[in-house]
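Let's take a friendly walk through a protein model. Have the structure open beside you and find each residue as we go.

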Amino acid sequence: MAMTESALHVRHIARALVFDPQDRLLLIRYQSVHATGPDGNPKTFWFMPGGGLEPGESHVEACRRELQEEIGREAEIGPQIAACDGPFHLFKQSRDARERYFLVRLPDDRVDTSLLAETEDNPVLGTHWWPVNELCATEEHIEPAGLGELARAVIEDRVPTEPVRLTWRDA
């Protein structure tokens, strides 16, 4: 029996828009264990690194921990620049997500994803540093909607002073 939208577990999540010195955005590609594409194959989607808050943890602390776990990097966590709230069903555990997105700039593009698959409940297919023009033009499934435009604003030095609200493209 499927959960109703009101019965979904609320999950507080911190994610990072991680940029390298070439202003490319790091995304992780996942395979959905629920959704299928028009061809009947499992749907794949791209998402930012990050994850759920542990008890007593702030969003910034969770973001820092998640970056260490998922991409093997310690990083200074910048300002919160966006949020996305609402039901999300592409991960194994559907959730009423309360996501907060923080700006992170790395001094290089080195990442270590050797522990990434161990921390995820969906199959991880890889990572990619996306040039913003490519990100905005792709037909690939990127979550959430509006991420490309937000990334463009960041690299054009138009970092939002208040978090912008994004929406799920395909929850």
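Start with the side chain of E57, which makes a polar contact with the side chain of R65 at 2.8 Å. A polar contact here is a pair of N or O atoms within 3.5 Å, where one must be able to donate a hydrogen and the other to accept it, and residues adjacent in sequence count only if both atoms are side-chain atoms. The backbone nitrogen of E54 also lies 2.8 Å from a polar atom of the E57 side chain. E57 counts as buried because its relative accessible area is 17% (buried means under 20%, exposed over 50%, partly exposed in between, with a 1.4 Å probe and protein chains only).

A word on the background: this is a predicted model, in which local features need pLDDT of at least 70 and side-chain atom pairs count only at pLDDT 80 or more, while totals for chains, interfaces and linings use all residues. Residues are numbered from 1 along each chain as its sequence is written, and side-chain values use heavy atoms, leaving out hydrogens and water.

Next, look for aromatic rings. The whole structure holds seven aromatic pairs (ring centres of Phe, Tyr or Trp, using the six-membered ring of Trp, within 6.5 Å; planes under 30 degrees apart are stacked, over 60 edge-to-face, the rest tilted). W46 and W130 are edge-to-face because their planes stand at 85 degrees, with centres 5.2 Å apart. W46 is buried at 9% relative accessible area, and W130 is buried at 3%. F47 and W168 form another edge-to-face pair, 5.9 Å centre to centre.
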